[in-house]
Amino acid sequence: MEVTMSELTAVVHDAAEVVVAEGTQTPLQRVEDAAVAVEDGRVVAVGPTDEVVREYPPENARYTVDASGRSVVPGFVDSHTHACFAGDRSDEFEAKLRGKTYQEIMAEGGGILRTVRATREASDDELLADLLSHLDTMLSHGTTTVEVKSGYGLDTETELRMLDAVRRADEQHPVDVVATFMGAHAVPEGRDADDYVEEVVSEQLPAVETQGVAEFCDVFCEEGVFSVDQSRRVLEAGIEHGLTPKVHAEEFVHLGGAKLAVEVGAASADHLLQATETDVQTLVAADVTPVFLPGTAFTLDTEYADARAFLDAGAHVAVATDFNPNCYSQSMPFAVALACTGMKLTPAEALVAATEGGARALNREGGLGTLREGAPADLVVLDAPSYRHIPYNVGVNPVAAVLKGGDVVHV
Ligand SMILES: N=CN[C@@H](CCC(=O)O)C(=O)O
Ligand SMILES: [Zn+2]
């Protein structure tokens, strides 16, 4: 005889609105005067409060959240971050304000390579503590799933130490953490790029597979970093070691990273500031999720990517923070605001790109990033009557509470 026990975990009721969110090609689905019921970590009902509470009485639930006057949206899925690192680069922000470019700072030994030096020197516990602290900040701003890349080690030992910190953070923290190996983030000081690519392929990737510590493999395909051929070599080797490709593509110079993303069947192509109309058509036809990182354009004070061209071509787009020592914001609400002001997404498009779009960029299309029935119960209660306040009330954290799998994990 089969016995199953289901548990009414949470009822969030009397919300001014609940945003279901489906995809950036679908009009925003939302319900007014609404409630959400959660059983065993999944959404079991979304609808008018009176109907939901009749079937799922709040008094039977472990958590009851009175969301009167507030809006409920899916937890943010931040699909592109470099959140595991040590050191501080706040002085580079000032140098950029005085006119230095990102490339000039790198050429002087700053930028990524400076973070590599600090990360190699940090202990395992320091790396973990810093990452956990960033996850706390992300959670308090409504992020419930985040992707974190390695790539500040650039040697086998430190890349593995970073990915181990990511694994431990995932175990210890309510936010779900998805690991990406990015040994090909920069060419280490004093090394030749081809020679280093061979190290990534023959040493780092086999070690990452043995440890089972990453799901994706990313590469910085950029002029002066890794060429298309070098990037292809890394991503194809990554596939052989069980990792799904992602590409930092067409950020500063148009090099062919978008085309490469299609060729290798990447889950996403990210940045895309220099993408051409052909890139747009090719990525959309191949269903590679375009990930836009407006915080990077804001920090570098550059033009923003043309996300509208992708939306017009039928793409389901994603928006993420790109949190890293150069783009120092863990806040998805801020990324949503910049997606609106910088890329002219509507608040609805930006919100869906930051939730369901992020799930697509991580190949998690079974409901993550939405509040439809059956989806993981990752909910954000906003201290505002509408999702429209996320980009409107800019510079203020709009999050009142966060539920992860139906448990209240932040108030
Ligand atoms: N573009 C390459 N990597 C990061 C920046 C990393 C850094 O500057 O430390 C990015 O996605 O923007
Ligand atoms: Zn990046």
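Two residues are in contact here if their C-beta atoms, placed from the backbone, lie within 7 Å. The structure is a predicted model, in which local features need pLDDT of at least 70, side-chain atom pairs count only at pLDDT 80 or more, and totals for chains, interfaces and linings use all residues. Residues are numbered from 1 along each chain as its sequence is written, while chains are lettered from A and ligands numbered from 1 in the order in which they are written.

For "binding site", an unreviewed UniProt entry lists H80, H82, H248 and D322. These residues span 243 residues in sequence, yet no two of their C-alpha atoms are more than 12.2 Å apart, so they gather at one spot. UniProt positions follow the numbering used here, with shortened feature names, and the annotations may be inferred rather than shown by experiment.

H248 lies in strand β10 (residues 244-249); helices (H or I, at least four residues) and strands (E, at least two) are DSSP runs, numbered from the N terminus. H248 is buried, with 29 other C-beta atoms within 10 Å. A residue counts as buried if 20 or more other C-beta atoms lie within 10 Å of its own, as exposed if 12 or fewer do, and as partly exposed in between, with C-beta atoms placed from the backbone. Leaving aside neighbours within four places in sequence, H248 is in contact with D218, V219, F220, C221, E222, G257, D270 and H271. H80, by comparison, is found in the loop between β6 (76-78) and α2 (90-97). H80 is also buried, having 31 other C-beta atoms within 10 Å. Not counting residues up to four places away in sequence, H80 touches E147, D270, V291, L293, A320 and D322.

Attention now turns to strand β1. Of the 12 residues of β1 (residues 8-19), 9 are buried, so the strand is largely enclosed by the rest of the structure. β1 pairs with strand β2 (residues 30-39) in the antiparallel sense over 8 bridges, two strands being paired if DSSP finds at least two bridges between them. In this pairing A15 stands opposite A34. The pairing of β1 with strand β4 (residues 63-66) is parallel and runs over 4 bridges, with V12 opposite V65. Strand β5 (residues 71-74) also pairs with β1 in the parallel sense, over 2 bridges, and V72 in β5 is the bridge partner of V18.

At the level of the chain, an automatic or database domain assignment gives domain 1 (8-74 + 370-410) and domain 2 (76-362). Their contact takes 24 residues from each of domain 1 and domain 2. On the side of domain 1 that touches domain 2, β5, α16 (389-392), β15 (399-404) and β16 (407-410) each supply at least two residues. β15 gives the most to this side, with 3 residues.
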